[in-house]
Amino acid sequence: MIVGYVAGKSPLHQAHPFTALALAATVVVLAFALPAPQGPAALAVALAALALLARLPRVLLTALGFSLPFWFFLGVIHGLIGETPLRALTVGAQITAMLTAFLLVLATVHPARLVDALLQRGVPFSLAYLLSATLQAVPRLRRQAADIVEAQRCRGLRVRGSVWRRTRAVVPLAIPLVLGALGEVDERAMALDARGAAAPAHRTALEPPPDSTAQRVVRWLLAAAAVGVIVWRVLA
Amino acid sequence: MSVRLAGVSFRYPGSDTDALHEVSVTLRPGEVTLVTGRLGAGCSTLLLVIAGLAPHITGGSRSGEVTTLDRDPATRDGRKALAGRVGLLLPTPWTQLSGMSFTVEEEVAFGPANLGWRRARIAGAVDEAMQRFGVAHLARRDPRTLSGGELQRVMFAGVLAMEPEVLLLDEPALELDPAGAQGVYELLPVVAQERTVLLASTDLDRAAAAAHRALLLDRGSLVADGTVAEVLGNDGAVATGCSTTVAEIARAVGLTPGYPLSVADAVRRFTR
């Protein structure tokens, strides 16, 4: 399962962070604006191909893993009960496409380069940091959760077995995770403050990502695609 | 004088007792001052008050006068003026990670970059700090994959890379192995040549050798202030466990107060 940055040299890794974000935003627009169900389905397939091209098959598997429960419930609600299987296919493909796009951005955009790019555009560091920290929060919490699982298992908690047993195990895992995260807030805030995060100076971008004409053209094309599809759908 | 406290008391929110009570002390550049005491004595709070993080981050109320590099660190203007000039190292390294670095080099550069320095100056300060703490070979490693000891040295390098005039260290060697801890303490007098260093530690066997001066706190009150030998060699300090192992042995075998603090001290005393 991948929900964070993975080092690599694919074109997506080389892309300017804003280009990757533009791709994700365009996918969201297209997922809803393209004719259903073939549009969202084609979009999901295209993103799957992009994930494979970027040599990130695990991103694709993660997106499918997250999508699976949605597909199941959509199948039950629309396929079995509502007898509208095409609706299930549309919503399922929309969810899968958007999840794949966001996970691809998470896996290929280096948070520090995103901050550098935002700083270059004059965005305040506090805002840029908030965005970057949010992108990294999931992998950090997953690591902490894994540590808590190990610790609780050492103390006799059984986290495998029946659904009932797994459900009961959630409380002793979730409470230390939430309380631990809250308990760290003060210390993290102190460390950041002491390291100048609230300094009045404009933070230096350490490695500002290069932004070529080609990158700008791609972003304009993505924006044009999103607007174009909306206009086409409204007129049609 | 770079830090001055006059009659300073501090109370955490929800507490009915002072974490610091009427503390008055002056710290000078060029010396390592050790502050120690039993659990809850207020050593960490003293550091936070000097840095302005108490009450700014912790909440609570402060009274008395605190002057850090001619500023009151509790005011908005004071905090802005002191950004980067007061370095603080906390005991747990993983909560001090910036959360946006994938290499040690970037982590060390986090503070200097926040100060808006030019990239060339940042690179020089980062290289020097990493060399000083023996972490240059880890420069390309992901900080999240380091051991606690390695990470604490990285965090120390990150604080020092900001070239602070006042350095506040809260149990800086808690995560280090004995050799690593010894290395950090031996570095302190060198670091203090250019700045004021306040070290909160209960690792007194090592800290005593590194410090020029000692403060002893007891339940928030300053009960002793003097040379390390005067404060830690005192009967009261040794009786409450706020001294070195050698001093405790010396007291146990019936020596008179003014106990030796190290084996070298003891040898000198017996061969006099």
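What pattern does chain A follow, read along the sequence? Chain A reads α-α-α-α-α-α-α-α-α. Its secondary structure comes to nine helices and zero strands. Helices here are DSSP runs of H or I with at least four residues, strands are runs of E with at least two, and both are numbered from the N terminus.

The model is predicted: local features need pLDDT of at least 70, side-chain atom pairs count only at pLDDT 80 or more, and totals for chains, interfaces and linings use all residues. Residues are numbered from 1 along each chain as its sequence is written, chains are lettered from A and ligands numbered from 1 in the order in which they are written, and side-chain values use heavy atoms, with hydrogens and water left out.

Start with the outline of chain A. Its C-alpha atoms fill a box of roughly 60 × 55 × 30 Å, taken along the principal axes.

Now look at how helices pack in chain A. Take α2(A) and α3(A). Their axes are 9 Å apart and meet at an angle of about 155°. That makes α2(A) roughly antiparallel to α3(A). Axes are lines fitted to C-alpha atoms, for helices over the stretch in contact, and angles run from 0 to 180 degrees between N-to-C directions. Angles under 35 degrees count as roughly parallel, over 145 as roughly antiparallel, 65 to 115 as roughly perpendicular and the rest as oblique. The crossing of α2(A) and α3(A) is left-handed. A crossing gets that name if the near helix is turned anticlockwise from the far one by less than a right angle; if clockwise, it is right-handed.

Which residues meet here? From α2(A) come A:Leu23, A:Val27, A:Leu30 and A:Ala31, and from α3(A) come A:Pro40, A:Leu43, A:Leu47 and A:Leu50. Contact means heavy atoms within 4.5 Å. The residues of this contact divide into eight nonpolar, no polar and no charged. Ala, Val, Leu, Ile, Met, Phe, Trp, Tyr, Cys and Pro count as nonpolar, Asp, Glu, Lys and Arg as charged, and the others, Gly among them, as polar.

The loop between α2 (17–33) and α3 of chain A holds A:Pro37. A cis peptide bond joins A:Ala36 to A:Pro37, with omega about 0°.

Next, follow α3(A) to another partner. Helix α3 (residues 38–53) of chain A packs against α5(A) at an angle of about 30°, with axes 8 Å apart. That makes α3(A) roughly parallel to α5(A). The crossing is left-handed. Among the residues that meet are A:Ala44 and A:Ala51 in α3(A), and A:Ala97 and A:Leu104 in α5(A). By class, this contact has 11 nonpolar, three polar and no charged residues.

Helix α5 has a further neighbour. Helix α4 (residues 57–81) of chain A packs with helix α5 (residues 85–108) of chain A at about 160°, and their axes are 9 Å apart. That makes α4(A) roughly antiparallel to α5(A). Here the crossing is right-handed. The contact of α4(A) with α5(A) has 18 nonpolar, eight polar and one charged residues.

Turn to the second chain. In chain B, a cis peptide bond joins B:Ala54 and B:Pro55, with omega about 15°. B:Pro55 lies in helix α2 (residues 53–56) of chain B. B:Glu22 has a positive phi near 50°, though it is not a glycine. B:Glu22 sits in strand β2 (residues 20–27) of chain B. B:Glu163 also has a positive phi, about 55°, and is not a glycine. Its place is the loop between α6 (148–160) and β6 (166–170) of chain B.

How do the two chains meet? In all, 34 residues of chain A are in contact with 36 residues of chain B. The area buried between them is about 3,100 Å², and carbon and sulfur atoms give 58% of it. Buried area is the accessible area (1.4 Å probe) that two parts lose on being put together, summed over both. A:Met190, A:Arg195 and A:Leu206 supply 25% of the area that chain A buries against chain B, more than any other three residues.

How many salt bridges cross the interface of chain A and chain B? The rule finds two. A salt bridge is a side-chain nitrogen of Lys or Arg within 4 Å of a carboxyl oxygen of Asp or Glu. The side chains of A:Arg195 and B:Glu107 meet in a salt bridge, at 2.7 Å from N to O.
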